[in-house]
Amino acid sequence: QVQLVESGGGLVQAGGSLRLSCAASGRTFRIDRVGWFRQAPGKEREFVASIWWSGRMTGYADSAKGRATISRDNAKNTVSLQMNSLKPEDTALYYCAARLEGSVEYQYWGQGTQVTVSS
């Protein structure tokens, strides 16, 4: 089992920045990839960014490219998402999720952290 806990959400004005963190615990040695997703009210959940647990590779949604940076802290078993130049349309519940080795799906999800961007 893997447990994920997000933190760092909040209310920010448009153009501001936030840094979200995802703390992983449990059988973290089986994690292959960690991703950030978001879901706005009335919308489908969408991918934001992902990083290999080794930290070697990252990926971003087009909406996040140039404004978001995903990183991994090996010592703390955390994955962070730095978001800059935030827009009201970035308002959503942000989740981190973990995918285990040998799997094609993200099996473990956190509870989410709310990001609200005011105009």
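The legends below describe several views of a predicted model, beginning with the whole chain and then moving to single residues.

Residues are numbered from 1 along each chain as its sequence is written. Because this is a predicted model, local features need pLDDT of at least 70 and side-chain atom pairs count only at pLDDT 80 or more, while totals for chains, interfaces and linings use all residues, and side-chain values use heavy atoms, with hydrogens and water left out.

View 1. Helices (H or I, at least four residues) and strands (E, at least two) are DSSP runs, numbered from the N terminus. Along the principal axes, the C-alpha atoms fill a box of roughly 40 × 25 × 25 Å.

**View 2. Of the 119 residues in the chain, 44% count as buried.** Here buried means under 20% relative accessible area, exposed means over 50%, and partly exposed lies in between (1.4 Å probe, protein chains only). Among contacts (heavy atoms within 4.5 Å) with a separation of 6 or more, 54% are between residues 24 or more positions apart.

**View 3. Cysteine 22 and cysteine 96 form a disulfide.** A disulfide is a covalent bond between the sulfur atoms of two cysteines, and in this model a pair of cysteine sulfur atoms within 2.5 Å counts as one. The sulfur atoms of cysteine 22 and cysteine 96 are 2.1 Å apart, and a search of the whole structure finds one disulfide. Cysteine 22 lies in strand β3 (residues 18-26) and cysteine 96 in strand β9 (residues 92-100), so the pair ties together parts that are 74 residues apart in sequence. The link of cysteine 22 and cysteine 96 is right-handed, with 60 degrees about the S-S bond. Cysteine 22 counts as buried, at 2% relative accessibility, and cysteine 96 is also buried, with a relative accessible area of 0%.

**View 4. Serine 50 is found in strand β5, which spans residues 46-52.** With a relative accessibility of 9%, serine 50 counts as buried. When residues up to four places away in sequence are not counted, serine 50 touches Arg33, Val34, Gly35, Met57, Thr58, Gly59, Ile70 and Tyr106.
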